[in-house]
Amino acid sequence: GTPSNSDIPFARLISPRIDPTMAAAAAARAYDLVVWGGSGFTGRLAAEYLARRYTPGSPDPNSKGSSEPVRWAMAGRDRAKLESVRESIEAKHPHAKGKIDILIGTNDDPASLESVACVANTVLSFAGPFAICGAPIVDACVKCGTDYCDITGEPTFIRDTIDRHDAVAKSAGVKLVSCVGYDSVPWDIGAFAVAKHFRDNGDECVGAVGHAGAARGGVSGGTIASAINLMETTPWDVLKRMGSPFFLSPEGDSSKATTDARSRWKTQSSWRFDEDVGRWTMPSVMAGINTKVVARSWAIDASGVYGKSFTYDESDICSGRVAAALGTAALTAFGAALMFPPTRWLLKNHVLPKPGNGPSEALREGGFANIYVVGVGAKNGDKAVAHVEFKGADPGYKGTAALAVEAALCMALPSERAKLPEGGGCLTPATALGTTLVDRMNASEHFAVDVVPLADAAIRG
C-alpha cells in the first residue's frame, strides 16, 4: 500500500541547499499532491474536486481518473475532522473509498510537517489566515525540496515568504507560488495572456486594465478573517508601504520598480466611465492584492512577455453611474471601518461571516464570474482583451478550490512540470505556471481563457 507519513525515513528530509533535485524526484515521492488544510471549507471542496475528477473509477463524464490519475492525500492537524471529511466525500463519490490517505502534521512540530512535505511533489495549502498559521508548512516544503502553492491573498504573508525563502528556493529550483485561487489567478493570468498575445503578434503590451464583470457568488468568511487579521496585526508603516503595487516586487539596482515605473502605475481610486468596456466602473475590491501580484509578475518575468513600459490597473464594472458612485462610497466606508478597532470589532463579531462558513451548495454550483483584462499594444495602440470565465462554480469557493488544484497539478504531475519555465523561487501564477495553467483551465469544465481583439469582445458587466 501507499506509505503513511510516519513510514518515511527522515534521511529523505534533505535541505534543498544540498540536493536541489528533490523537487523533481517525482518517482521517489508517495504522492503527486497533498492538500494541506483539507478539513477547512475550501480545502474540502478541493478534495472533493480531486475525488471526482482525478481519482480512478470516477463515473463523472469529465473525469480524468483513467487518463490522468493523481496520487493525492489530505493533510492537517486534526485527524478526526479529516476522517469526517473523507467519509462525506466517500459517501458522495463511492469510487474514492479506500483511495484517500490522511497525513497529520502540526505547526508546533516541524518534524511532523516535514514528514508531510517530503512525501509529496507539491503541497497545496488552504490553511489560513496565512499570516497566523501559514509559514511552518512553507518552511517544511523548502527544507524538503517540495513545490508549494496556496490560496492566500495576504500581502504581508507573501512578502515575508519572499524575504525568508526566495534566495534558497531559487538555488534549489523549488517553486513557491501564492495566490492560486480567485485571488489572483484570473487577473494575473489574464494580464499574462493578453501581453503574450501582443508579443506573439510582433507587438509589445504597454498597459493592461483588469475588470471584474458579471458574477454570482458568496462572501468568504476566511477571506474576511484574513483581512481583519491584516488590519489588527500589521504595523502602520507597513500598511502605508502596502499601498504601493510594488510591495511584493524586488528592490535594488536591478529592480524594474523605478521612479518612472512608480509614476506610471496608478490604481483607480474613484468611479469613472471606462471607454474600453463601455461601462461605469468603481475601484476594484481586490486591487489591493491583484495589482501587487501582477506587478511582481512583470518585475521578475524572464521570458519577455511584458513590455518594458508595461502598467496594470483594475476596476469593477457597475450597472450605471449611480451604482459606481454608491459602490465607491460603500468600499471606502468598509475600508475605514476595518481601520478602527471599535468598528472592526463590531463587523467581526456581529456582521461578517465567520471562517469556515460559506455559501450554500446551490449558490456554489450555480455561481459564475467573468474577468476581462484589456491590453494595449505599443505599435498602433491596438487593443485586445483576455476573458477569464468561471462556469458552474462560484469564484470564491468552488471555483477557487478547482482553480487551485489545477494550478497545483501544473507542478505536481511530472509531465506538466516539465513544460514549466525553469527555475525556482517565490513566483507568481503567471511566471511559474503561465501557458500550462491556461491549458489546464481550458481543459476543465469550470474555466475558459481566451484572447480576442477588443472590438470582437462581448463584455458581460
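Predicted model: local features only at pLDDT ≥ 70, side-chain atom pairs only at ≥ 80, totals over all residues.
1. **Ground rules.** Local features need pLDDT of at least 70 and side-chain atom pairs count only at pLDDT 80 or more, while totals for chains, interfaces and linings use all residues. Residues are numbered from 1 along each chain as its sequence is written, and side-chain values use heavy atoms, with hydrogens and water left out.

2. **The cavity.** The count comes to one cavity of 30 Å³ or more. On a 1 Å grid over the protein atoms alone, a cavity is a set of points where a 1.4 Å probe fits but cannot get out, and lining residues have an atom within 4 Å of a point. The largest cavity holds about 120 Å³, a volume being the space filled by probe spheres set on grid points joined across faces, edges and corners. Its lining has 14 residues, with Ile158, Leu176, Ser178, Cys426 and Leu427 nearest the centre.

3. **What lines the cavity.** Helix H6 (155-172) gives the most, three residues; helices (H or I, at least four residues) and strands (E, at least two) are DSSP runs, numbered from the N terminus. The lining divides into 10 nonpolar, three polar and one charged. Here Ala, Val, Leu, Ile, Met, Phe, Trp, Tyr, Cys and Pro count as nonpolar, Asp, Glu, Lys and Arg as charged, and the others, Gly among them, as polar.

4. **The second largest pocket.** This pocket has a volume of about 560 Å³; a pocket is an open set with protein on both sides within 12 Å along at least five of seven lines. Among its 36 lining residues, Ile300, Asp301, Ala302, Leu427 and Thr431 are the closest to the centre. H6 again supplies the largest share, four residues. By class, the pocket lining has 15 nonpolar, 10 polar and 11 charged residues.

5. **H7 against H18.** These helices pack at about 110° with their axes 10 Å apart, where axes are lines fitted to C-alpha atoms over the stretch in contact and angles run from 0 to 180 degrees between N-to-C directions. That makes H7 roughly perpendicular to H18 (65 to 115 degrees). Val185, Ile189, Phe192 and Lys196 of H7 meet Gly434, Thr435, Leu437, Val438 and Met441 of H18, contact meaning heavy atoms within 4.5 Å. The contact has six nonpolar, two polar and one charged residues.

6. **H1 against H2.** The axes of H1 (residues 41-54) and H2 (residues 79-92) come within 10 Å and cross at roughly 40°. Arg44, Ala47, Glu48 and Ala51 of H1 make the contact with Val85, Ile89 and Lys92 of H2.

How values were computed
Parallel < 35°, antiparallel > 145°, perpendicular 65-115°, else oblique.
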